[in-house]
Amino acid sequence: WNVTSGKIIGAVDDTPKNVWDKTSDPNLNNDDWFPEKIADIISRTEAWCDVLSLGPPDGKFLVAFKSALLKIAERSKTAEKPIIVRMLFGNIAGMPVNCSAVIKALTNDLPKDDDGVKLHLWVGAWRRGFSWNHAKIIAVDGVYLHTGGHNLWDKHYLDTNPVHDLSFELEGRVARDGHRFAN
């Protein structure tokens, strides 16, 4: 661990939003803002982005990731160096990650390299025995960091009977530590 610095940006991202004191499920689409916020953070990438989560995005999270990658791909056309996005997921026993399929799902709508795109997307999954990646970090350019407890799954956060979870966004040196953790 490391002592670091930075500042909290905005309020805590709590899902489901505005229902902590209620006994009924939130309306469907109650938290569609959350995948969009994640995409906004990722789409700020100008040089380097690390995304770590228990598993790859699905549903609306996948759509949001694809939207962010499209913005990065367009930005990369005028970038001096390739823009790198690394994603690391847990390779959970009984729930293996097919990294090639994740790359294909994330990039099937992106412009091709011969269109001047300089985007490098790396996807990996890690497990050693009964231990695997369980971090939830999005670190962008050593400036922005989003972290907390949220996974990237519709069924758990955007469907009926959603999981209550918290995450938050920070700026500053703490983002560089997010990249170091990814390394």
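Guide: Helices are DSSP runs of H or I with at least four residues, strands are DSSP runs of E with at least two, and both are numbered from the N terminus. This is a predicted model, in which local features need pLDDT of at least 70, side-chain atom pairs count only at pLDDT 80 or more, and totals for chains, interfaces and linings use all residues. Residues are numbered from 1 along each chain as its sequence is written, and side-chain values use heavy atoms, with hydrogens and water left out.

P16 sits in the loop between β1 and α1, and the peptide bond joining T15 to P16 is cis, with omega near -10°. The loop between β1 and α1 also holds N29, a non-glycine residue with a positive phi of about 75°. The relative accessible area of N29 is 48%, which means that this residue is partly exposed; buried denotes under 20%, exposed over 50%, and partly exposed the range in between, with a 1.4 Å probe and protein chains only. D32 belongs to the loop between β1 and α1 as well, but at 19% relative accessibility D32 counts as buried. Apart from residues up to four places away in sequence, D32 touches K60 and L158, contact being defined as heavy atoms within 4.5 Å.

Helix α1 itself spans residues 33–42 and is mostly covered, with 7 of its 10 residues buried. These are F34, P35, K37, I38, A39, I41 and I42. They pack against β1, β2, α2, β6, β7 and β8.

Two packed helices are described by the angle between their axes and the distance between the axes. For α1 and α2 the angle is about 25° and the axes are 8 Å apart; axes are lines fitted to C-alpha atoms, for helices over the stretch in contact, and angles run from 0 to 180 degrees between N-to-C directions. The two helices are therefore roughly parallel, a term for angles under 35 degrees, whereas over 145 is roughly antiparallel, 65 to 115 roughly perpendicular and the rest oblique. On the α1 side the contact is made by F34, P35, E36, I38, A39 and I42, and on the α2 side by K60, F61, A64, F65, A68 and I72. These contact residues comprise 10 nonpolar, no polar and 2 charged; Ala, Val, Leu, Ile, Met, Phe, Trp, Tyr, Cys and Pro count as nonpolar, Asp, Glu, Lys and Arg as charged, and the others, Gly among them, as polar.

In soluble globular proteins, nonpolar side chains tend to be buried together. A nonpolar core is a set of buried Ala, Val, Leu, Ile, Met, Phe, Trp, Tyr and Cys residues joined through side-chain atoms within 4.5 Å. The largest such core has 32 residues, and I42, F65, L69, V85, M87, L119 and I138 touch the most other members. Two or more residues each come from α1, β2, α2, β3, α3, β4 and β6, and α2 gives the largest share, 7 residues. A second, separate core of 9 residues includes L52, A135, A139 and L145.
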